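User: I am new to this structure. Please show it, and then let us go through it in short steps.

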Amino acid sequence: MADDRNHVLDFFTPRAAGWDSRFPDDGPAYAAAARLLGLRPGGVVLDAGCGTGRALPALRAVVGPHGTVLGADLTPAMLEAAVRAGRAESGTLIRADVARLPLRDGALDAVFGAGLISHLARPEADTAELARVVRPGGMLALFHPIGRAALAARHGRAVTDDDLRAEPRLRALLAGSGWRLDSYTDEDDRFLALAVRQA
């Protein structure tokens, strides 16, 4: 487990300062994805692996001033970048591993995870932990501002069925960890999988 945490820290710490420049125009995509979570004013939502907090303003807009927005990330440099960008005004930032969240069972209405799934050390256990903190009927959004093919091309590799974000693999993963995949979109300009927390 310590090795997994160190891998995440080693990957994200040196990238934190320039992270936002990788997808400079993705604000509208975040806002559209946040609206699809079905949250209401006053809702409680977690941005899991929030990085620089790019989703926090969109989530705040959905739950309103009386809702609760949390942003959890393992990497201090990412949380510091979120503060510098002014996004701490939209939510409460906490340093936490999504594999062991400091939240009670069923505390949340929804979890938002941008670019999260490919960085989970133990995908089934980690998505089960996300299910633990969401009430039955609550939602999980797994999002990326570009689709699988565009992301693979950016990294110089081909799209494969082994990718955890491939629909059959993702559906099985989520089903085994307390979720039901409700909708799946994989287009050039957006990846969005929405899942419902099972009772």
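User: Which residue follows helix 4 with a positive phi?
Analyst: This is a predicted model, where local features need pLDDT of at least 70, side-chain atom pairs count only at pLDDT 80 or more, and totals for chains, interfaces and linings use all residues. Residues are numbered from 1 along each chain as its sequence is written, and side-chain values use heavy atoms, without hydrogens and water. Helices (DSSP runs of H or I, at least four residues) and strands (E, at least two) are numbered from the N terminus. After helix 4, phi is positive, near 80°, at Gly86.

User: Which residues of helix 4 are buried?
Analyst: Buried means under 20% relative accessible area, with a 1.4 Å probe and protein chains only. Helix 4 spans residues 76-84. Its buried residues are Ala77, Met78, Leu79, Ala81 and Ala82.

User: What share of the chain is buried?
Analyst: The chain has 199 residues. By that cut-off, the buried share is 51%.

User: How many helices and strands are there?
Analyst: Read along the sequence, the pattern is α-α-β-α-β-α-β-β-α-β-α-α-β-β. The count is 7 helices and 7 strands.

User: What is the radius of gyration of the chain?
Analyst: The radius is taken over C-alpha atoms, and the globule rule is 2.2 Å times the number of residues to the power 0.38. That rule gives 16 Å for 199 residues, and the chain is close to it, so it is as compact as a globular protein of that length. The chain's own value is 15 Å.

Note on methods
Buried means under 20% relative accessible area, exposed over 50%, partly exposed in between (1.4 Å probe, protein chains only).
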